[in-house]
Amino acid sequence: MNTALRLQSLLGLRRSPVAVTFRATAPSGVARIDAPGPSSCAYWKLAAEGRTFYTEAPDHYNCPIGAYTHGVNAPAAVMKELEGVVSTMLSLGYLRAEEVPGIPSGKARSVWAVYAPLAQADGEPDVVIVCGNAKQVMLLSEAAQAAGVGGGGLMGRPTCAALPEAMRTGRGMASLGCIGNRVYTELGDDDLYYALPQPGEHRHGETGQHR
């Protein structure tokens, strides 16, 4: 039994863990997503369902916040939309102004991201996204702590920010899942995420760097 299947079996996960690998070039032998999703986190659901694919920068433009946290080099129109979304969140009280500068983002302006079920991933991913209930995530968090890659803390909105933060710190990050993520991924009311980075490396947010 490979590591991914063993992880899923030991924790009793309902969804397959998802591997995400950021690339500096388009991957060979992998198909690009057939149509842009409504959000960057929507790709997590597709990968958990068994699909392997890659995205390019324009595939993230529908979600300006996801494009920002993924470090996508977005055009002026998307950045303008990002400003509008943030302004709306501030006016609704969903975000506070002091929170905005602290939202993690990939700094290398990555273009290609490969998504796959962990069991089917080629090579070592930059980050693994595990979806589970509180007990399952607790067990994974404690295992990560014992392995020296835990202790990253608990994040809230936006969910996708857990990826660059886990890669920057080299620590596992738990995320409660924001309202947008819960809509686009059909996340259960009792479920949350744990983003587990590749051990032994601190990315400092440079999600576009490929080994």
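Helix α6, residues 162-169, is mostly tucked away, with seven of its eight residues buried. (Buried means under 20% relative accessible area, exposed means over 50%, and partly exposed is in between, using a 1.4 Å probe and protein chains only.) Keep in mind that this is a predicted model: local features need pLDDT of at least 70, side-chain atom pairs count only at pLDDT 80 or more, and totals for chains, interfaces and linings use all residues. Residues are numbered from 1 along each chain as its sequence is written, and side-chain values use heavy atoms, with hydrogens and water left out.

**The overall layout**

- The protein has seven helices and seven strands; these are DSSP runs, numbered from the N terminus, with helices being H or I of at least four residues and strands being E of at least two.
- Starting at the N terminus, the order of elements is α-β-α-β-α-α-β-β-α-β-α-β-α-β.
- Out of 211 residues, 48% count as buried.
- Take the contacts (heavy atoms within 4.5 Å) between residues at least 6 apart in sequence: 69% of them join residues at least 24 apart.

- The buried residues of α6 are Ala162, Leu163, Pro164, Glu165, Ala166, Met167 and Thr169.
- You'll find glutamate 186 in the loop between α7 (179-185) and β7, where glutamate 186 is exposed, at 57% relative accessible area.

- α5 has 13 residues and spans 18 Å from its first C-alpha to its last, close to the 18 Å expected at 1.5 Å a residue; the expected span is 1.5 Å times one less than the number of residues.
- Gln136, Val137, Leu140 and Ala144 are buried in α5.
- These four sit on the same side of α5 because they cover an arc of only 95 degrees around the axis, where the arc is that of the directions from the helix axis to the C-beta atoms.
- Over on the other side of α5, Ala134, Lys135, Glu142 and Ala146 are exposed.
- The buried residues of α5 pack against α1, β4, β6 (173-175) and β7.

- Rolling a probe the size of a water molecule over the atoms shows where empty space is left.
- On a 1 Å grid over the protein atoms alone, a cavity is a set of points where a 1.4 Å probe fits but cannot get out, a pocket is an open set with protein on both sides within 12 Å along at least five of seven lines, and lining residues have an atom within 4 Å of a point.
- The largest pocket has a volume of about 580 Å³; grid points are joined across faces, edges and corners, and a volume is the space filled by probe spheres set on the points.
- There are 23 lining residues, and the closest to the pocket's centre are Thr3, Leu7, Leu118, Val128 and Leu196.
- α1 (3-11), β4 (127-133), α5 (134-146) and β7 (191-197) each give at least two residues to this pocket's lining, and α1 gives the largest share, five residues.

- The whole structure holds two cavities of 30 Å³ or more, and the largest cavity has about 50 Å³ of space.
- Its lining is Arg15, Ser16, Val18, Trp44, Lys45, Ala48, Ile129, Cys131 and Tyr193.
- α2 (42-48) supplies the largest share of that cavity's lining, three residues.
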